Amino acid sequence: MDVAAYLDAAPEARRPALARLRELCVTELKGFEERIAYGMPVYVRPGETDGEIAWANQKQYISFYLMRTDVRDAFADRLAAHDMGKACLRFRNPAKVDFDLLRDLLRATSQASPGQVC
């Protein structure tokens, strides 16, 4: 399965938000490789094995995985207002996905030096 097939398989009501999220990832994560791992889209720096960003369509929400602890720490204030697990930002309503925050997280990840992921 590739990312296009992943999007096609998502519920129609969530496809616009997921497609916009993918577009943001491709635009902001220049040079990263897009692949499917663990059943979801993952973005990996060339030459690395671990993804730094991933996203998924879950049963109850859209998940955005930010595996860089340094970026999470830098955005702690903005992330505090959201439903956030250790590395997973969850959006229950596709119409309320905070794309401005996601863009900023993606830019910060892209601009950071390669680092440890959780």
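User: Let's start in the helices. Is Thr 109 buried or exposed?

Analyst: Keep in mind that this is a predicted model. For burial, the cut-off is what you need: under 20% relative accessible area counts as buried. Thr 109 has a relative accessible area of 0%, so it is buried. The residue lies in helix α5.

User: Which residues is Thr 109 in contact with, leaving aside its neighbours within four places in sequence?

Analyst: Thr 109 is in contact with Leu 29, Phe 32, Arg 45, Glu 52, Ile 53, Leu 66, Arg 68 and Val 71.

User: Staying with α5, how do I read its packing against α2?

Analyst: Two packed helices are described by the angle between their axes and the distance between the axes. Here the axes of α2 (residues 15-28) and α5 (residues 99-111) come within 9 Å, crossing at roughly 30 degrees. That crossing angle makes α2 roughly parallel to α5. As for handedness, α2 passes α5 in a right-handed crossing.

User: Which residues make the contact between α2 and α5?

Analyst: On the α2 side you'll find Ala 17, Arg 20, Leu 21, Leu 24, Cys 25 and Glu 28. From α5 come Phe 99, Leu 102, Arg 103, Leu 106, Arg 107 and Ser 110.

User: On to rings. How many aromatic pairs does the structure hold?

Analyst: A pair of aromatic rings is described by the distance of the centres and the angle of the planes. This structure holds 1 aromatic pair. Its partners are Tyr 6 and Trp 55, 5.7 Å centre to centre with 80 degrees between the planes, an edge-to-face arrangement.

User: Where do Tyr 6 and Trp 55 sit in the chain?

Analyst: The pair links distant parts of the chain, 49 residues apart: Tyr 6 is in helix α1 (residues 3-9) and Trp 55 in strand β3 (residues 53-57). Tyr 6 counts as buried at 10% relative accessibility, and Trp 55 is buried too, with a relative accessible area of 0%.

User: What does Ser 63 touch, not counting residues up to four places away in sequence?

Analyst: Trp 55 comes up again here. With that exclusion, Ser 63 touches Ala 54, Trp 55, Ala 56, Gln 58, Cys 88, Leu 89 and Arg 90. Ser 63 lies in strand β4 (residues 62-66) and counts as buried because its relative accessibility is 0%.

User: And Arg 90: which ring does its charged end sit over?

Analyst: The ring of Tyr 61. The charged end of Arg 90 is 5.9 Å from the centre of that ring.

User: What about another arginine, Arg 72: buried or exposed?

Analyst: Arg 72 has a relative accessible area of 10%, so call it buried. Its place is in helix α3 (residues 69-74). Not counting residues up to four places away in sequence, Arg 72 touches Leu 66, Met 67, Leu 79, Met 84, Lys 86, Ala 87 and Cys 118. From Tyr 6, Arg 72 is 66 residues away in sequence and 26 Å in space, C-alpha to C-alpha.

User: Last stop, the backbone. What is the phi of Tyr 38?

Analyst: About 55 degrees: Tyr 38 has a positive phi although it is not a glycine. You'll find Tyr 38 in the loop between β1 and β2 (40-44). With a relative accessible area of 81%, Tyr 38 is exposed.

User: And where is Ala 37 found?

Analyst: In strand β1 (residues 33-37). Ala 37 counts as partly exposed, at 21% relative accessibility. Ala 37 and Ala 54 are 17 residues apart in sequence and 8.8 Å apart in space, C-alpha to C-alpha.

Conventions:
Residues numbered from 1 in each chain as written. Predicted model: local features only at pLDDT ≥ 70, side-chain atom pairs only at ≥ 80, totals over all residues. Heavy atoms only, no water. Phe/Tyr/Trp six-rings, centres within 6.5 Å; stacked < 30°, edge-to-face > 60°. Helix = DSSP H or I, 4+ residues; strand = E, 2+ residues; numbered from the N terminus. Buried < 20%, exposed > 50% of the residue type's maximum accessible area, 1.4 Å probe, protein only. Lys NZ or Arg CZ within 6 Å of the ring centre and 35° of its normal. Axes fitted to C-alpha atoms, helices over the stretch in contact; angles between N-to-C directions. Parallel < 35°, antiparallel > 145°, perpendicular 65-115°, else oblique. Left-handed = near helix turned anticlockwise from the far one by under 90°. Contact = heavy atoms within 4.5 Å.
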